[in-house]
Amino acid sequence: MNGVASAPQTSPHAAGPRAERMSRVDTAWLRMDNDVNLMMIVGVWLLTPAVTLEALRERIQAKLLQYDRFRQKAVADAMGAQWVDDEAFDITQHVLPMTLAPRPGESERHALQRACGELATTPLDANRPLWQMHLVENYEGGSALVARIHHCIGDGIALISVMLSITDGGTDPPRRRRKAAPEEGHEPDWLADAVLKPLTELTIKAIGMYGSGVGKSMEVLANPAQPLLSSMGMAKSGLQVAQDVAALALMPDDSPTLLKGKPVGRKVVAWGEPIPLEQVKAIGKGLGCTVNDVLLACAAGAIGSWLADQGQDPSGKEIRAMVPVNLRPLDKAWQLGNRFGLAPLVLPVGIANPIERVYAVHRRMAEMKGSYQPLLAFAVLSVSGLFIKPVQDAVLGLFAKKTTAVMTNVPGPAVPLRFCGSTLRQTMFWVPASGDVGVGVSILSYGGGVQFGLITDEALCPDPQQIIDRFEPQFEQLTWLTMMLPWAGEPDF
């Protein structure tokens, strides 16, 4: 472990660079680093043919730096934190060359994975903008680019939008007029304000106006002047909110497995080769389920198989993964910041039958629809940003006790992208886990394929490739069973 990122520097009292207030949610992420988990999103791009460091710096200078956040430091003050322009910004401190040093008998890929794990536990410089890119100019006949971005800058949806914009032909962010107000350029924190009034009548009315799930709740909260529905509709919505609050509060701690324990802060990453997305869609259609149902079931099967091989019987066991739920209009992703909630998804790792496992995941995904738990999780993150760090840690520690992993499932572009004239042939990323959670699961579709990635703590799973390598066999087994068993609908297990 390379330590924890130093605390953000204190705001100067004298007049200085332009500054704007950091939202409460982003402040919570800024202060969430601890001894075993740093709040960085780590991503890898594999490019063919190779790109040069000079070309990369030119592209970042021309494209990425159009976003203010990548030229701003996070500066702590008595009210939380501010984004402050870095007047001494130096691109050579953010876009760096990296040389792999494979050990005897080690492949280039394994050396890159080891380097990614080390970077995931290396703090960013708190006195500079909180991001870096590391270029391996010569990797497997091309280049490899490793990006590290602190979560306080933005969530996955926002950062994917940003990264797409720097590819060849990528769209520049919309131009914003500069304002002199203290809240310059900052989107009103309407969502946090609405949810933080704990279950008052106004909040229940706002959250439940349409009664049709989180997506439309966002529309209501963004437009509070709209008329409310009938008292019956509000009562139903209020009941749903109350039930979701109780579910979050009373959620039992997660099942004990080898993946649940005390991490030590040394990270290991792994990823697999893509499998055809069309084949996944065909299996989902044949079973009357979604692509997500199929992929999550295969992930659960891979984890269960690994547990069994480690001598831990997974029969009857379930593990809980916190799944990010987007809470913003996609056309506003370029504005960066964090606008997502967390929903608990139970993965049935103890179900051996692949078909039964798919339907079990399908049922659990259906239970999540229409839930306000992502909104409530957002509220927890918002309010924790107001607390002193020890209190924030205690609040967020409740989430860690109730979950084994953080899981993301992101649909990427259907066709391969180009970057600096090269083809982006493969990409993978890992999101950070908070508290003592030591497992991050990533499922990413890109260029007609879908792949599975893991980041684990060395104390819990020292070789995540062993789980990754079980993903494709689980899918193949599911494919064969789907082809052989002509079920017309969900079986009665």
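Which residues of helix α4 (residues 156-165) are buried? The legends below begin with this helix and then move to other close-up views. The model is a predicted one, in which local features need pLDDT of at least 70 and side-chain atom pairs count only at pLDDT 80 or more, while totals for chains, interfaces and linings use all residues. Residues are numbered from 1 along each chain as its sequence is written, and side-chain values use heavy atoms, with hydrogens and water left out.

**View 1. The buried residues of helix α4.** In α4, the buried residues are Ala-158, Leu-159, Val-162, Met-163 and Ser-165, where buried means under 20% relative accessible area, exposed over 50%, and partly exposed in between (1.4 Å probe, protein chains only). Seen down the axis of α4, these residues fall within an arc of 155 degrees, so they line one face of the helix; the arc is that of the directions from the helix axis to the C-beta atoms. The buried residues of α4 pack against β2 (40-48), β6 (131-139) and β7 (142-150), and contact here means heavy atoms within 4.5 Å. Helices (H or I, at least four residues) and strands (E, at least two) are DSSP runs, numbered from the N terminus.

**View 2. Ala-405 in strand β12.** Ala-405 belongs to strand β12 (residues 405-411) and is buried, with a relative accessible area of 4%. Leaving aside residues up to four places away in sequence, Ala-405 touches Arg-320, Ala-321, Met-322, Val-437, Val-439 and Val-441. Ala-405 and Ser-434 are 29 residues apart in sequence, and in space they are 9.6 Å apart, C-alpha to C-alpha.

**View 3. An open sheet of three strands.** The strands of this sheet stand in the order β1-β4-β3, and their pairing is antiparallel; two strands pair if DSSP finds at least two bridges between them. Both β1 (19-21) and β3 (72-77) stand at the edges, each with a single partner strand, so one side of each is left without a neighbour in the sheet. Neighbouring strands of this sheet are turned by 30 degrees against each other on average, direction ignored. Between β3 and β4 (residues 80-85) the antiparallel pairing runs over six bridges, and the bridge partner of Val-75 is Gln-82 in β4.

**View 4. The packing of helices α10 and α11.** Helix α10 (residues 291-309) and helix α11 (residues 354-368) pack at an angle of about 120 degrees, with their axes 8 Å apart. Axes are lines fitted to C-alpha atoms, for helices over the stretch in contact, and angles run from 0 to 180 degrees between N-to-C directions. That angle makes α10 oblique to α11. Angles under 35 degrees count as roughly parallel, over 145 as roughly antiparallel, 65 to 115 as roughly perpendicular and the rest as oblique. Among the residues of α10 that meet α11 are Leu-296, Ala-297 and Ala-300, and those of α11 include Val-358, Val-361 and Met-365.
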